[in-house]
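Hello! Here is the structure I promised to hand over to you. Please have it open while you read the notes below it.

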Amino acid sequence: MELHYFDPSTLPRRYDIVWCRFPLDDSGLPGNKLRPTIVRAVMRDTESPRSAVVVSYGTKRLKLGYRDGVDLVIQNSEQLDRLGLTMATRFDLDVLQRLPWAEEFFAPPPHNSQIITGCLNDDQIERFRKKLRRREELKQLGRTIS
C-alpha cells in the first residue's frame with residue numbers, strides 16, 4: 001500500500017485527540033471505522049516526510065467498574081465538547097499502535113473539519129499518567145489488567 005504522508009509540520013502533539021482508522025487486527029492496514037485516539041508519542045523523521053504517531057484508540061464501551069481504573073474515561077459533556085468527542089469515551093490503554101502520519105490512517109471526523117480535535121487539559125493528563133502508573137503497579141504485583 002502506497003501511503004500519502006502529511007507534512008511533518010502538521011504532526012499532533014502528545015495528549016492530542018486525533019481521528020484515526022485504527023487497525024484492530026494484525027494486518028497493519030487502516031481500520032474500517034474512524035475512531036478518536038489519544039496520542040502517546042510522536043516520531044518525526046527529519047530526513048523525509050515519513051513521520052509517525054503512537055496512539056491508543058477510544059471506544060464508546062466504557063466498561064465502568066471494570067476498566068475505568070486502568071483506562072482513561074472522558075464523560076463530562078463540557079470536556080467531550082472541548083475534545084471534539086461526540087459521546088462518552090474510554091481510551092483503551094492496553095492497545096497502542098505506531099501508525100504513519102498519513103491520509104490512509106488519519107482523517108477528520110464527520111462532525112469536524114480537523115483531524116486533531118483537542119488536547120487533554122492538565123487534570124486529564126495527570127489522570128492519564130496515574131492510569132499508566134497504576135498499570136505498572138499491577139504488572140509488578142503480577143496481576144493481569146482486564
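β1 and strand β6 (residues 116-119) run antiparallel and are joined by three bridges. Strands such as these are DSSP runs (E, at least two residues; helices are H or I, at least four), numbered from the N terminus, and two strands pair if DSSP finds at least two bridges between them. Within this pairing, Ile17 faces Gly118 of β6.

Before going further, please keep in mind that this is a predicted model: local features need pLDDT of at least 70, side-chain atom pairs count only at pLDDT 80 or more, and totals for chains, interfaces and linings use all residues. Residues are numbered from 1 along each chain as its sequence is written, and side-chain values use heavy atoms, with hydrogens and water left out.

β2 and β3 (residues 52-59) are paired in the antiparallel sense through six bridges.

Is β1 mostly covered or mostly open? It is mostly covered, as five of its five residues are buried. Buried means under 20% relative accessible area, exposed means over 50%, and partly exposed is in between (1.4 Å probe, protein chains only). Asp16, Val18 and Cys20 are on one side of the strand, Ile17 and Trp19 are on the other, and all are buried.

Next, have a look at the loop between β1 (16-20) and β2 (35-43), where you will find Lys33. Lys33 counts as partly exposed because its relative accessibility is 44%. Together with Lys60, Arg61 and Lys63, Lys33 forms a patch of positive charge on the surface. Such a patch takes residues with over 30% relative accessible area and no salt bridge, and joins like charges within 9 Å. A salt bridge here is a side-chain nitrogen of Lys or Arg within 4 Å of a carboxyl oxygen of Asp or Glu.

Pro30 sits in the loop between β1 and β2 as well. Its relative accessibility is 25%, so Pro30 counts as partly exposed. Pro30 and Leu99 are 69 residues apart in sequence, with 9.1 Å between their C-alpha atoms.

Enjoy exploring!

How values were computed:
Patches are made of residues with over 30% relative accessible area and no salt bridge: like charges are joined within 9 Å, nonpolar side chains (Val, Leu, Ile, Met, Phe, Trp, Tyr) within 5 Å. Accessible areas come from the Shrake-Rupley method with a 1.4 Å probe; for residues, only the protein chains shown count as cover. Lys and Arg count as positive and Asp and Glu as negative; His and the chain ends are not counted. The place of a charge is taken as NZ of Lys, CZ of Arg, CG of Asp or CD of Glu.
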